[in-house]
Amino acid sequence: MPARPLSDETLHLIDAVRSALAHRSDVDERTMFGCYCFFVDGKLCIGIKGEDLLVRLPPERHGELQEMQNTRELSPGGGMQGYFWVEPNGYATRAQWNYWLEEALAYNPLAKASPRKKTGSPAAGKKAPSAARKTPKKTAAKKHSIFEADD
C-alpha cells in the first residue's frame, strides 16, 4: 500500500526541524514506523508524525518528563524509556521549540545507536534513497514561519 501524502502541517514541521538542524553535517532523514525521523550521528534524535514532535531524551528523566503538559510517552507500557511525543501546544513558542530541540541534541551524544539489521540480500548495507540525503549546510539560520506570532 502506498504511503499517504503528508499534510501541509506535517511538511511545515519537517521543514522547521530541517531548518533547525541545517548547521549540522551529521543529519540523515528517514521514515520509520510511519514517522518522519531525523537521525543525528546515526541515532534517532527527533521525529514528526502529524503535528506531533517525537524527541529522544535521557531515560533517567522519563518520570519527570512524563509529568510535563503537552507530552505523552511513545510507549505507555514503559518499553521505550526516554521517547516522548510533544503536542503542538508544547512547542508553540520559540522558547518551547528550542527547549525540546536542545534537550534532544544534548542527549544525542550519550544515546546508544541501534545496530543495523543485516539481511542476506545484495542491497544490504546500502542506504535507502531517503537515508542518503544529507541536510545541506546553511550559513545563516532563518526564522521559521511557525514562530511568526512569537516575536
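Predicted model: local features only at pLDDT ≥ 70, side-chain atom pairs only at ≥ 80, totals over all residues.

Reader: Now the helix H3: what length would be expected for it at 1.5 Å a residue?

Author: Helix H3 runs over residues 94-107, which makes 14 residues. From its first C-alpha to its last it reaches 20 Å. That is close to the expected value, 20 Å.

Reader: Within what arc do the buried residues of H3 fall?

Author: The buried ones are Trp97, Trp100, Leu101, Ala104 and Tyr107. Look down the axis of H3 and you'll see them line one face of the helix, because they fall within an arc of 140°.

Reader: Which exposed residues sit on the face of H3 turned away from its buried side?

Author: The buried residues of H3 pack against several elements, including helix H1 (8-20), strand E3 (43-49) and strand E4 (52-56). The face turned away from that buried side carries exposed residues instead. They are Ala95, Glu102 and Ala106.

Reader: How are the rings of Tyr99 and Trp100 arranged?

Author: The structure holds three aromatic pairs. In the pair of Tyr99 and Trp100, the ring centres are 4.9 Å apart and the planes are at 80°. Tyr99 is partly exposed at 29%, while Trp100 is buried at 3%. Planes over 60 degrees apart get their own label, so this pair is edge-to-face.

Reader: Where does the charged end of Arg30 sit?

Author: Here a charge meets a ring. The charged end of Arg30 is 3.8 Å from the centre of a ring, and it sits over that ring, which belongs to Phe39.

Reader: How many residues apart in sequence are the parts that Arg18 and Glu29 tie together?

Author: Side chains of opposite charge can pair when their charged atoms come close. Arg18 and Glu29 form a salt bridge, with the closest N and O atoms 2.7 Å apart. Arg18 lies in helix H1 and Glu29 in strand E1 (residues 27-32), so the pair ties together parts whose separation in sequence is 11 residues.

Reader: Of those two, is Glu29 buried or exposed?

Author: Arg18 is partly exposed at 27%. Glu29 has a relative accessibility of 3%. Since the cut-off is under 20%, Glu29 counts as buried.

Reader: Which residue forms a salt bridge with Lys43?

Author: Lys43 is buried, with a relative accessible area of 8%. Its closest N and O atoms in the bridge are 3.9 Å apart, and the partner is Asp41.

Reader: Last one: which residues are linked in a network of salt bridges?

Author: The structure holds seven salt bridges. One of them joins Asp26 and Arg24, with the closest N and O atoms 2.9 Å apart. The network links Asp52, Arg72 and Glu87.

How values were computed: Residues numbered from 1 in each chain as written. Heavy atoms only, no water. Phe/Tyr/Trp six-rings, centres within 6.5 Å; stacked < 30°, edge-to-face > 60°. Buried < 20%, exposed > 50% of the residue type's maximum accessible area, 1.4 Å probe, protein only. Lys NZ or Arg CZ within 6 Å of the ring centre and 35° of its normal. Helix = DSSP H or I, 4+ residues; strand = E, 2+ residues; numbered from the N terminus. Expected span 1.5 Å × (residues − 1). Arc of directions from axis to C-beta. Contact = heavy atoms within 4.5 Å. Salt bridge = Lys/Arg side-chain N within 4 Å of Asp/Glu carboxyl O.
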